[in-house]
Amino acid sequence: MLQLNYIRDHRQEVVDRLAVKNFEGGVIIQSIVELDDKRRETQKQLDDIQAQSNLLAKEIGFLLKSGKSDEANVLKEKTGRLKDKSKDLEVSFEAIKKELDDLLVRVPNLPHFSVPVGKTPEENLIVFQEGKVITAAATDLPHWELTTKYDLIDFAAGNKITGAGFPLYKGKGARLQRALVNFFLDEAVKAGYQEVQPPYLVNAASAYATGQLPDKDAQMYHVGLDDLYLIPTAEVPVTNIYRDTLLKIQDLPIMNVAYSGCFRREAGSYGKDVRGLNRLHQFDKVEIVQVAHPETSYNILESMREYVSGLLRKLELPFRVVKLCGGDMSFTSALTYDMEVWSPAQARWLEVSSISNFETFQSNRLKLRFKYETGKIQPAHTLNGSALALPRIVAALLENGQTPEGIRIPPALSAYTGFEMIR
RNA sequence: GGAGAGGUGUCCGAGUGGUCGAAGGAGCACGCCUGGAAAGUGUGUGUACGCCAAAAGUGUACCCUGGGUUCGAAUCCCAGUCUCUCCGCCA
């Protein structure tokens, strides 16, 4: 969520920038500031009363000690009245705070100044493109046929075991998955990331802190009996490592990488969107997460983008980088690059990574701060990106690598698969 | 799942009703000492939200969480939760 003080000091700017995200914020910002005024006023009253009570309590203590119980009793009556008053104030103070908080979490993050205005993905900005965008030959197959032809994935079996969107990888298909995970993890470690293995289930506090709750709860699988959520991405547990944390400035930047299964309900998706590996309920992903100093976070965002580009190059996939327009950005992000690979058979770009700077939006919820040597405390910036999500990478590898002899595996990866062709 | 013990500041650890934001130690920061270092020594060393134009200062809250008792709670009571030990079960 946004910082309250920033909203107070930059009301018009906040409303204007929210408009870039197509969020009409005038009314809610107004209410937030008014509620905050009320909150301050109530706190002042409450604090004053409590200060009085504390003083009286001390006096009573002294009086009782020196045997003046009559005088003490007089004071006791007085504190009784103060207590009633402070109870009332406390109740309304809590109510105001809750109301304020409920409003604050409904305000999306401010887009970075460079974010293009727009409503739909068509208005995203293509900032970079590399590789040969090939047109599929008449004999070329889409990946969902290739996986059957070479017996790599059994969608029907997954369907029987669980349901649609839960594929069963087999043989070289399974090996390819494992190879990709290892390749991505090794590359990240080489680039300086610390490898972590997070839990796959998180509690509501964690889901709330990274912004999946309260607005995207329909996207997550919920285990009702234990009130836990299956992670939609490793971003959730990994970022939550730093919930309620006060770092030293020299701890920054923190670089973590995690492989995890990801679980998404994907309610409302249909059609070509969910064909084959395009959109699954369970998939594998390697995620990079950084906690950064506010002054360097945008450089780090660029370096993450460069890092992911490097992976795609090693996989020899044609890709492009897209800067999302305001309307296509997520609730929590300040600036997002999508990395997309080319699917010749579908003749379209597939998103395989989304790299975002959240600035202080997550850290405010997380209570993730760092401390300067001078003692000054400030929220840190959080960033993350997929590096990379597997299914569409697999789709692109299969479609781009298909030859009459079989599917060619790029050398960087065949070192991990142990085979160079899928025949 | 059963039994017991316990959750105090960055860490260790004292504190069982008042003047306790909390002894002592370690760590850390700065200074002294030293040719330099170690040792020694001195000082400092929390977070959140307010008030104040602001620095200084100052108010409130916080000793796992939430309730309660009391004029007053780290300290007493209740509930929850987590950790540890033993037993059971088990990859």
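**Terms and their grounds**

Analyst: In this predicted model, Arg-365 lies over the face of Tyr-208, at 5.1 Å from the ring centre.

User: What makes Arg-305 count as lying over the face of Tyr-337?

Analyst: Arg-305 is placed 4.8 Å from the ring centre of Tyr-337. The distance limit for a charge over a ring is 6 Å, with a further limit of 35 degrees from the ring normal.

User: Why is Gln-177 called buried?

Analyst: The relative accessibility of Gln-177 is 7%, and buried means under 20%. Gln-177 therefore counts as buried. This residue lies in helix H7, which spans residues 171–190.

User: How do you know that the side chains of Gln-177 and Asp-284 are joined by a polar contact?

Analyst: The contact between these two side chains is 3.0 Å, and the cut-off for a pair of N or O atoms is 3.5 Å. Asp-284 is also among the residues that Gln-177 touches, together with Tyr-169, Leu-390 and Val-394, when residues up to four places away in sequence are not counted.

User: How many aromatic pairs are there?

Analyst: The count comes to nine aromatic pairs. One of them is formed by Phe-166 and Tyr-221, with 6.4 Å centre to centre and 50° between the planes. This pair links distant parts of the chain, 55 residues apart: Phe-166 is in the loop between helix H6 (155–161) and strand E3 (168–169), and Tyr-221 is in the loop between helix H8 (204–209) and strand E6 (222–223).

User: Why is Phe-166 called buried, and why is Tyr-221 called partly exposed?

Analyst: Phe-166 has 17% relative accessibility and so counts as buried, the limit being under 20%. Tyr-221, at 22%, counts as partly exposed, because that class lies between the 20% and 50% limits.

User: Why is the pair of Tyr-200 and Phe-263 called tilted?

Analyst: The ring centres of Tyr-200 and Phe-263 are 6.3 Å apart and the planes stand at 55°. Pairing requires centres within 6.5 Å; planes under 30 degrees apart are stacked and those over 60 are edge-to-face.

Technical notes
Residues numbered from 1 in each chain as written. Chains lettered and ligands numbered in written order. Predicted model: local features only at pLDDT ≥ 70, side-chain atom pairs only at ≥ 80, totals over all residues. Heavy atoms only, no water. Helix = DSSP H or I, 4+ residues; strand = E, 2+ residues; numbered from the N terminus. Buried < 20%, exposed > 50% of the residue type's maximum accessible area, 1.4 Å probe, protein only. Polar contact = N/O pair within 3.5 Å; in protein donor to acceptor, adjacent residues only side chain to side chain. Contact = heavy atoms within 4.5 Å. Phe/Tyr/Trp six-rings, centres within 6.5 Å; stacked < 30°, edge-to-face > 60°.
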